[in-house]
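I opened this notebook page to keep track of what I look up, entry by entry, with the sequence and the fold side by side.

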Amino acid sequence: MESEDDMHDANDSAEDDFYSGGEAGLAASDDGDADYDFADHDSDDSAELISHRQQQNYSILSEVDIQRRQEDDINRVSTVLSISKPEACVLLRNYNWSVSKVHDEWFADEERVRKVVGLPEKHNEMPNDREVTCGICFESCPRGSMSAAACGHPFCSTCWRGYISTAISDGPGCLMLRCPDPSCAAAVGQDMINSLAADDDKEKYGRYLRRSYIEDNRKTKWCPAPGCEYAVEFVMGSGSYDVNCNCSYGFCWNCTEEAHRPVDCATVSKWILKNSAESENMNWILANSKPCPKCKRPIEKNQGCMHITCTPPCKFEFCWLCLGPWSEHGERTGGFYACNRYESARQEGAYDESERRREMAKNSLERYTHYYERWAANQSSRQKALGDLQSLQNDKLERLSDIQSQPESQLKFIVEAWLQIVECRRVLKWTYAYGFYLPEHEHAKRQFFEYLQGEAESGLERLHQCAEKELQIYLDAESPSKDFNDFRTKLAGLTRPFH
């Protein structure tokens, strides 16, 4: 395994290579292609496309896989350092489960490492008396009912069980448990937990130990999907951070948000914050309301005339246009639907700043709404496509095979098309977040980006239409269709440019 420093350098290198800050991951790569290209591939063979999808730089780990890897690491350290497995486990926990780090530190200064992690070089025995006094309850107990860590401080089984149970109830900190003697720092290993703790506590301790193997290791993370129990081991420095878990959830290894390539993590973070922040509420208030001249509460105009009455307890009546008291208005000032005072004051520039601020807020809100609606529309379409894909795999593919008299293995091109639709909807969704933050003054870059976005959207709509509407024709047929092979060629052809 790599050392932590090596992993850290590899992580930084990968992040620098793939995410380029302001370029937001849509900049051209070294060979001149954009990160998402539309180049044709020479072959449309489904097996080749599926094989291409399976080239991944990570491994999905089940609970059994985690336990096996954890035991393998403990055995390796135990064998190389000639120490017991519980001692090897203590060492690995203290060095974040990095085998190479343990080896480096141990061979550099074994005495210091032992002192830091609480592994006395010599195993001290309890007093060789028939009865020994417990250091917690001070009861004299038979030596056979007493236990001690490597330090030799004796405590009775009842006190040990209570001490361990309290520590486990307090959370994962129990993995760093030390001798109950206040002056002693000797580690309490898993062997003592297994021999002294109650069954429930042993099970809980085991869960904490497995979780620490994932959470303390910089090369592994839990899948962030709700309820998912898979973990992911990632190979640093391999380009893309996209991960697809066995639970079908796709996420970014770097930031653990949903997968968002080709947009960088910083842009995604800003966009998600903007969607949930109060800033857009304030923009809406500023763009669509005015403050009451008396109590300053924002008021939205929902009637046609300019006569506004503030809500109780204020009840101030004023003109919507000039914000002056309504008692000074009437026929001579323009009536209910105009205000001469406002027009004359506006010509003199009295309302320029407030009007400018309101106009800026309105434009900002309209611009944000434009991008957000399209971002949300692609998200909605993607969710529906996922549902359609599941329905296809559960029922429709078998029905289509029967109707068209073709084996299911020959219909994989349809599944591949739907997988491509799901992926392209995800990419298109995030291009709208990218476009929102693209600087207005970079006209050439924006023009090129919008061209690519438009081409991608147009091609995807054709693919989605074919996979959804035209496929239904063959599902509704009562006998094999003569032009089904033409449909196969068309759908495969529409799928291919996205690879």
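**Entry 1**

Is Glu203 buried, partly exposed or exposed? I looked this up with the caution that the model is predicted, and I found that Glu203 is partly exposed, its relative accessible area being 48%. The side chain of Glu203 meets that of Arg207 in a salt bridge, at 3.4 Å from N to O. I noted that Arg207 is also listed as partly exposed, at 39% relative accessibility. Both residues sit in helix α9 (residues 199-215), and because they are four residues apart there, about one helical turn separates Arg207 from Glu203.

**Entry 1: another pair within a helix**

I then turned to helix α3 (residues 63-81), where Asp65 and Arg68 lie three residues apart, about one turn of the helix. Their side chains form a salt bridge of 3.3 Å, N to O. Which of the two counts as buried? It is Asp65, which has 19% relative accessibility, whereas Arg68 counts as partly exposed at 41%. I wrote down the cut-off here, since buried means under 20% relative accessible area, and the 19% of Asp65 falls on the buried side of it.

**Entry 2: a pair between two helices**

What does the salt bridge between Lys490 and Glu470 tie together? I first recorded the contact itself, in which the side chains of Lys490 and Glu470 meet at 2.7 Å, N to O. Lys490 belongs to helix α16 (residues 484-495) and Glu470 to helix α15 (residues 443-476), so the pair ties together parts that are 20 residues apart in sequence. Lys490 is partly exposed, with a relative accessible area of 39%, and Glu470 likewise counts as partly exposed, at 24% relative accessibility.

**Entry 3: a charged patch**

Where on the surface does negative charge gather? I found a patch of it made up of Asp395, Glu398, Asp402 and Glu408. Of these I followed up Glu408, which is found in the loop between α13 (352-404) and α14 (412-437) and is partly exposed, with a relative accessible area of 35%.

**Entry 4: strands around β7**

Which strands pair with β7? Strand β1 (residues 58-61) is joined to β7 (residues 231-234) by four bridges, and the two run antiparallel; in this pairing Tyr58 stands opposite Phe234. Strand β6 (residues 220-222) also pairs with β7 in the antiparallel sense, over three bridges, and there I placed Thr220 opposite Glu233.

Which peptide bonds did I note as cis? One of them joins Arg261 and Pro262, with omega about 15°, and Pro262 has its place in the loop between β9 (250-252) and α10 (265-276). Another runs from Pro312 to Pro313, with omega near 5°, and Pro313 lies in the loop between β12 (307-309) and β13 (317-319).

The loop between β12 and β13 also holds Lys315, which has a positive phi of about 60° although it is not a glycine. Lys315 counts as exposed, at 52% relative accessibility. I found a positive phi, near 60°, at Phe138 as well, again a residue other than glycine. Phe138 is found in the loop between β2 (131-133) and β3 (140-142), and it counts as exposed, at 61% relative accessibility.

**Entry 5: a buried asparagine**

How far apart in space are Asn378 and Leu428? From C-alpha to C-alpha I read 6.9 Å, for residues that are 50 apart in sequence. Asn378 has its place in helix α13, and at 3% relative accessibility Asn378 counts as buried.

How values were computed
Residues are numbered from 1 along each chain as its sequence is written. This is a predicted model: local features need pLDDT of at least 70, side-chain atom pairs count only at pLDDT 80 or more; totals for chains, interfaces and linings use all residues. Side-chain values use heavy atoms; hydrogens and water are left out. Patches are made of residues with over 30% relative accessible area and no salt bridge: like charges are joined within 9 Å, nonpolar side chains (Val, Leu, Ile, Met, Phe, Trp, Tyr) within 5 Å. Accessible areas come from the Shrake-Rupley method with a 1.4 Å probe; for residues, only the protein chains shown count as cover. A salt bridge is a side-chain nitrogen of Lys or Arg within 4 Å of a carboxyl oxygen of Asp or Glu. Lys and Arg count as positive and Asp and Glu as negative; His and the chain ends are not counted. The place of a charge is taken as NZ of Lys, CZ of Arg, CG of Asp or CD of Glu. Buried means under 20% relative accessible area, exposed over 50%, partly exposed in between (1.4 Å probe, protein chains only). Two strands pair if DSSP finds at least two bridges between them.
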